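My entries follow in the order in which I made them.

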Amino acid sequence: MIVRFGYVAMSTVIANASPSKTMTLKTFNGIADREAAIRRLETIAEENLHNTLRLLRHNVGNDIQVYRFSSKLIPLATHESLSEWNPYEALREPFAAVGKYVKEHGLRVSFHPDHFTVLSTPRPEVLKSSIRDLYHHVAMFDAMGLDARAKNNIHVGGAYGDKLSAGARFRENVTGLPERIKQRLTFENDDKTFNARETLELCEALGVPMVLDIHHHWVNNEGESPAELWPRILATWQTPYAQADSPADDPLPPKIHASSPKSASDPRGHADHVIVLPLLEFLRSIAPITDRVDVMLEAKLKDGALFALMEDLARYREEGVEILDGASVRIQP
């Protein structure tokens, strides 16, 4: 089984390359000239996209093919007071440059809209803003010229005192989404509310692929191991939504999230690094039925944690781990 590792948004190795510089609404409103304020937003966003391209070049130089974009590329992009602003057109060239690089190098990229994007909500205004945020993330992919292999990963959301009803609302609200949004979705289990089994059932019902977060599963489960659920999770990556725009001879691999607990007192928090053995044990358990899998590391040290993990994995060369390049391995069952 071939495993590719990636990281989230920021680099702890490359200095001064944040793709998440922002501006508050208060600062925006404090600029008397509205046109000048919008230009300032565009300048910040252009710098974020420039730094994103820098990070992608860093990734390619280190064989990292899996990367999650920052959702904060465009400050205030979805704020209602800026509804007349079209940042995607204003930033057409830098978005296109990022997309061109992604396509040229065959990178797998994604977004993870923030926790305010909740499709299980009982509040119409929250649902409206959540859908607006999904449109925004799709619009950024479109501006990059990237097809539906680039996904938006979200959690199911809150239970609001009645998990059964919340799950039904989620299913109804996802069903009502436009196809251009649905074909880019993946769902992830969380560490407090909708566990892996519950998230998997929604994925199966909706035909949407599931991203298994093994750390979340360790702290929120029904007693089953993640490997027990894996055959069904793997099947969600064979659906039309999962494989939209993927060539038949190059299907999109399943994806998982991996991190380690921050401490015994904070098991849900993410540590700086990923402890190698629990992850390796899981990968070995799924290797007999899995050809490829992509692993998004959610450690605090980002790419620094990825490089450290690769060093740790190299110590298992005599135990079925083959190092393929700077960010991928082959795992023997």
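**Entry 1: His 215.** I looked up His 215 and found that it counts as buried because its relative accessibility is 0%; buried means under 20% relative accessible area, exposed over 50% and partly exposed in between, with a 1.4 Å probe and protein chains only. The residue sits in helix α9, residues 214-219. Helices (H or I, at least four residues) and strands (E, at least two) are DSSP runs numbered from the N terminus. I then listed the contacts of His 215, leaving aside neighbours within four places in sequence: Ser 259, Ser 260, Pro 261, Pro 267, Arg 268, Gly 269 and His 270. Contact means heavy atoms within 4.5 Å.

**Entry 2: basis of the values.** I note that this is a predicted model, in which local features need pLDDT of at least 70 and side-chain atom pairs count only at pLDDT 80 or more, while totals for chains, interfaces and linings use all residues. Residues are numbered from 1 along each chain as its sequence is written, and side-chain values use heavy atoms, with hydrogens and water left out.

**Entry 3: helix α10.** Which residues of α10 (residues 226-236) are buried? I found Pro 226, Leu 229, Trp 230, Ile 233, Leu 234 and Thr 236. Seen down the helix axis, the buried residues of α10 fall within an arc of 150 degrees, so they line one face of the helix; the arc is that of the directions from the helix axis to the C-beta atoms. Their cover includes α9, together with α8 (196-206), β6 (210-213), β7 (255-258), α11 (276-286) and β8 (292-297).

Entry 4: Grid points are joined across faces, edges and corners, and a volume is the space filled by probe spheres set on the points. The count is one cavity of 30 Å³ or more. The largest cavity has a volume of about 80 Å³. Its lining includes Arg 68, Arg 108, Arg 149, Lys 151, Trp 237 and His 257. β3, β4 and β7 each give two or more residues to this lining, and β3 gives the most, with three. By class, I recorded three nonpolar, four polar and five charged residues. Ala, Val, Leu, Ile, Met, Phe, Trp, Tyr, Cys and Pro count as nonpolar, Asp, Glu, Lys and Arg as charged, and the others, Gly among them, as polar.

Entry 5: The largest pocket has a volume of about 1600 Å³. Of its 50 lining residues, His 112, Pro 113, Asp 114, His 115 and Phe 116 are the closest to its centre. Helix α5 supplies the largest share of this lining, six residues. The second largest pocket has a volume of about 360 Å³. It is lined by 17 residues, with Gly 106, Leu 107, Arg 108, Arg 149 and Leu 252 nearest its centre.

**Entry 6: the chain.** Finally, I noted twelve helices and ten strands in the chain. Buried residues make up 54% of its 333 residues.

Methods: On a 1 Å grid over the protein atoms alone, a cavity is a set of points where a 1.4 Å probe fits but cannot get out, and a pocket is an open set with protein on both sides within 12 Å along at least five of seven lines; lining residues have an atom within 4 Å of a point.
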